[in-house]
Amino acid sequence: MTTDYDAAKPLSLAAIVESLLFVADAPVPVSQLAEAAECEVREIEAALRSLSDSYADRGVRLQRKASRVQLVTAPEVAPHIERFLGIPLSGKLSAAALETLAIIAYKQPITRPQIEAIRGVSSDGVLRTLISKGLIEEVGRLETVGHPVLFGTTFEFQQYFGINSLSDLPPLKIEENGQSAEAETEAAEGVDQASESNPPSEEELAVD
């Protein structure tokens with residue numbers, strides 16, 4: 001009986017894509033997956049949809065941001081993984097951090113002055129906290145005087161809130177005056193329940 005790989009049953013494109021994502025150490029552009037699998041981007045997109053459907057009741061998920069995708073564990077198993085690996089549960093974000101993060105999530109890309117105009121207070125400290133936690137990042141510069149930094153959310157943000165893509169964010173509530181609700185937005189509701197038992201750090205308590 002032959003054991004040559006060439007004689008084995010060919011794998012489906014979805015299986016090939018799954019293997020590529022499994023060995024990747026960072027989010028992968030869809031175009032790079034197409035190049036490695038020697039196929040068209042539209043075929044990769046179809047394979048990704050197939051994988052996403054097949055993961056519905058399993059312990060892994062496909063997480064996507066724009067044209068990049070990665071294979072991650074399901075957010076529901078986070079407490080088990082943390083116990084298995086012996087790592088502490090993630091600290092809870094402060095109200096100020098959640099408020100700022102919600103604004104960035106729904107308004108991105110957005111500058112610090114724009115964030116502060118919505119919040120009404122300085123946001124330097126809380127932005128540093130969110131950057132240090134890997135929840136937001138610089139995504140560009142605004143083409144205006146001073147070229148202020150534009151902030152956006154990261155893949156870590158999606159992992160923290162247990163969403164597969166930004167399209168999974170709950171609808172933004174609109175107040176009667178037409179302004180978006182800020183502090184009470186539903187973006188913060190996806191935080192892992194385990195984090196509730198951990199008080200905010202001194203850094204988080206110190207931010208505005």
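Here is a short chat about a few local features of this predicted model.

User: Why is Ser165 called buried?

Analyst: Buried means under 20% relative accessible area. Ser165 has a value of 17%, so it counts as buried. You'll find Ser165 in the loop between helix 8 (155–161) and helix 9 (202–206).

User: What makes the pair Ser165 and Ser167 a polar contact?

Analyst: The cut-off for a pair of N or O atoms is 3.5 Å. The side chains of Ser165 and Ser167 come in at 2.6 Å, so the pair qualifies. Setting aside neighbours within four places in sequence, Ser165 is also in contact with Arg64 and Gln158.

User: How do you know which residues of helix 7 share a side?

Analyst: Start with the buried ones: in helix 7 (residues 124–132) they are Val126, Leu127, Thr129 and Leu130. They cover an arc of only 160° around the axis, so they sit on the same side of helix 7. Over on the other side, Arg128 and Ser132 are exposed. Just past helix 7, Gly134 has a positive phi of about 75°.

User: What makes strands 5 and 6 a pair?

Analyst: Pairing takes at least two bridges. Strand 5 and strand 6 (residues 149–153) are joined by 5, so they pair, and they run antiparallel. Gly140 stands opposite Leu150 in strand 6.

User: And why are strands 4 and 5 said to stand at the edges?

Analyst: The open sheet has 3 strands in the order 4-6-5, with antiparallel pairing. Strand 4 (110–111) and strand 5 (136–141) each have a single partner strand, so one side of each has no neighbour in the sheet.

How values were computed. Residues are numbered from 1 along each chain as its sequence is written. This is a predicted model: local features need pLDDT of at least 70, side-chain atom pairs count only at pLDDT 80 or more; totals for chains, interfaces and linings use all residues. Side-chain values use heavy atoms; hydrogens and water are left out. Buried means under 20% relative accessible area, exposed over 50%, partly exposed in between (1.4 Å probe, protein chains only). Helices (H or I, at least four residues) and strands (E, at least two) are DSSP runs, numbered from the N terminus. The arc is that of the directions from the helix axis to the C-beta atoms. A polar contact is a pair of N or O atoms within 3.5 Å; within protein, one must be able to donate a hydrogen and the other to accept it, and residues adjacent in sequence count only if both atoms are side-chain atoms. Contact means heavy atoms within 4.5 Å.
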